[in-house]
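User: Hi! Could you walk me through this one?
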Amino acid sequence: MRRRLALGLLAAMPLAGAAAAAEPSLHARLPAEVRASGVLRFVGDSHPPYRMLDDNRQLSDGVQLDFARALEPLLGVRIRHHIVNSLSATLAGLEAGRYDVAMGPGVATPERQKRFDGVSYMITRPSFLFPLDRPARYARAEDLCGRRIAYVAGSVTERVTDRIIDRCVKAGLPPARHVPLVDSNMTMIATQAGRADLAGMTLTAALHAVHVDGRRFSFFSDASGALGLDVLSLFVTKRSGLAPVLRDAMQLLFDRGDYARIMKRWGIEGVAVDA
């Protein structure tokens with residue numbers, strides 16, 4: 001499902017034949033401290049395919065890295081990537097001023113919109129990864145009742161699990177159970193080890209996991225929308241003034257077709273937006 005979002009904008013990597021052109025007007029609108037340092041600090045946790053880390057926990061590949069490569073020449077600054085252990089640490093570090101941009105993508109909840117400005121660049125629906133060595137049939141949301149659902153603490157899947165529990169109670173079925181963990185990798189490990197029945201995540205992450213290891217995993221995603229459709233955003237602090245600049249830079253990359261190319265590269269066109 002694709003939606004056109006008034007503020008739904010993001011970028012792509014510099015692909016062959018798509019060299020980015022400098023935009024002095026964008027650079028001039030960056031905060032003075034960013035222009036002075038020549039660096040924009042991105043932050044996020046380990047979350048394939050958005051951020052894929054090497055053995056030294058340094059960003060080695062992923063959607064965020066591709067977007068950053070496209071934004072650097074447009075904004076006229078280098079982008080430095082910082083990896084933290086969780087979504088809560090990401091947002092806390094952003095609020096504390098240690099970082100400038102949390103690429104997420106994170107769900108644009110009302111509570112977060114009070115704390116941050118956001119630029120929406122994807123949509124998603126809840127998805128649930130499970131190991132094929134313990135096959136289970138999932139055809140509707142109620143099939144998740146009684147299951148232990150692992151997820152990244154503070155992520156959209158926490159709210160989704162609450163929705164599932166409400167549906168279970170109304171249907172007279174055993175409620176699903178929360179298994180909050182620190183990052184996506186731990187949710188998959190817990191599911192494989194039997195400490196959880198499913199790993200809840202965004203559709204993008206589930207598509208990537210099955211693409212990488214389809215012999216080990218499959219996933220369920222309720223295409224009916226019964227569990228909701230969420231808007232995913234990057235976040236900056238309201239005091240930073242970065243949101244309008246990033247929005248305009250990303251719109252330019254939409255217009256040039258870079259956004260569509262990067263979404264296709266990662267096989268995640270199903271969660272793309274039109275603007």
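User: Is phenylalanine 130 buried or exposed?
Analyst: In this predicted model, phenylalanine 130 is buried, because its relative accessible area is 8%, under the 20% cut-off.

User: And which residues share an aromatic cluster with Phe130?
Analyst: Tyr138 and Phe220 form one aromatic cluster with Phe130. Tyrosine 138 counts as buried as well, at 13% relative accessibility.

User: How many aromatic pairs are there?
Analyst: The count is five. One of them joins phenylalanine 67 and tyrosine 121: the ring centres are 5.8 Å apart and the planes meet at 80°, so this pair is edge-to-face.

User: Where do those two sit in the chain?
Analyst: Phenylalanine 67 is in helix 3 (residues 63-75) and tyrosine 121 is in strand 6 (residues 116-124), so the pair links distant parts of the chain, 54 residues apart. Phenylalanine 67 is buried at 0% relative accessibility, and tyrosine 121 is buried at 1%.

User: Switching topic: how many residues are in the largest nonpolar core?
Analyst: That core has 59 residues, and Leu40, Leu75 and Met122 are among those with the most contacts inside it. Beyond its neighbours within four places in sequence, leucine 75 is in contact with residues including Leu26, Leu40 and Val245.

User: Nice. What about proline 175, where is that?
Analyst: Proline 175 lies in the loop between helix 6 (156-170) and strand 9 (177-181). Proline 175 is partly exposed, at 40% relative accessible area, and its C-alpha is 5.0 Å from that of glycine 146, 29 residues away in sequence.

User: Last one: where does pLDDT stay under 50?
Analyst: That happens over residues 1-21. The protein chain averages 87, and 92% of the residues score at least 70.

How values were computed:
Residues are numbered from 1 along each chain as its sequence is written. This is a predicted model: local features need pLDDT of at least 70, side-chain atom pairs count only at pLDDT 80 or more; totals for chains, interfaces and linings use all residues. Side-chain values use heavy atoms; hydrogens and water are left out. pLDDT is the predictor's confidence in each residue, from 0 to 100. Contact means heavy atoms within 4.5 Å. Helices (H or I, at least four residues) and strands (E, at least two) are DSSP runs, numbered from the N terminus. Buried means under 20% relative accessible area, exposed over 50%, partly exposed in between (1.4 Å probe, protein chains only). A nonpolar core is a set of buried Ala, Val, Leu, Ile, Met, Phe, Trp, Tyr and Cys residues joined through side-chain atoms within 4.5 Å. Rings of Phe, Tyr and Trp (its six-membered ring) pair if their centres lie within 6.5 Å; planes under 30 degrees apart count as stacked, over 60 as edge-to-face and the rest as tilted.
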